[in-house]
Amino acid sequence: MSGIDDDAGHPADDRAPAHAPPAHHAGRSVRAIAALEAAKSIFALLAASGLEILGPAPIRRFLGWLIEVFRFDAHHSLVASVLKHVEPASVHAVAAGAAAYGALHLLEAWGLWRQRLWASWLGCLSASVYLPFELWALIREPGWVALAVVAINLAIVAVLARDVWRRQRPQPA
């Protein structure tokens, strides 16, 4: 297969058609993952925007409400520790992290939807990063939610790894 990569205008690689569309059933799976990544990115970008617009005051009020309602130790609980660190600089840092996360996953979603090989690589690697933590959480506190999270993430890694493998293997002549 030779020719021009229609989006970038670069010559296509005869050995590994990186821009070749995946098989039909794999294409639907990859598009479903793209939709999930787009939804995650929208939530992250909305959270980042909300943090920047609202600032630390409502967060402090909410954490204070949690301490009061659930009768947490106002000086030594985890919520109290978080409350001590809620200040404009930390809110900006969390908002920046959420915005970066959202932007990266939006880029990944766009690439997966457009069937870009680099996006399958990115998605496979980024989903794999979470697996050790998710497995640790499942071992420490087994439950249906933890099991579902691990199963979904394993399925995402499997689908994207299969997509990468199929698109990079040499095509029969």
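**Close-up views of a predicted model**

Val69 counts as partly exposed because its relative accessibility is 43%, where buried means under 20% relative accessible area, exposed over 50%, and partly exposed in between (1.4 Å probe, protein chains only). This is a predicted model, in which local features need pLDDT of at least 70, side-chain atom pairs count only at pLDDT 80 or more, and totals for chains, interfaces and linings use all residues. Residues are numbered from 1 along each chain as its sequence is written, and side-chain values use heavy atoms, without hydrogens and water.

**View A. Val69 and a nonpolar surface patch.** Val69 belongs to helix H2 (residues 56–69); helices are DSSP runs (H or I, at least four residues), numbered from the N terminus. Together with Phe62, Trp65, Phe70 and Phe72, Val69 makes a nonpolar surface patch of about 510 Å². Such a patch joins nonpolar side chains (Val, Leu, Ile, Met, Phe, Trp, Tyr) within 5 Å, from residues with over 30% relative accessible area and no salt bridge (a side-chain nitrogen of Lys or Arg within 4 Å of a carboxyl oxygen of Asp or Glu).

**View B. Two residues with positive phi.** Most residues other than glycine have a negative phi. Arg71, in the loop between H2 and helix H3 (78–84), has a positive phi near 55°. Arg71 counts as exposed because its relative accessibility is 75%. Gln115, which is not a glycine, has a positive phi of about 60° and lies in the loop between H4 and H5.

Technical notes
Patches are made of residues with over 30% relative accessible area and no salt bridge: like charges are joined within 9 Å, nonpolar side chains (Val, Leu, Ile, Met, Phe, Trp, Tyr) within 5 Å. Accessible areas come from the Shrake-Rupley method with a 1.4 Å probe; for residues, only the protein chains shown count as cover.
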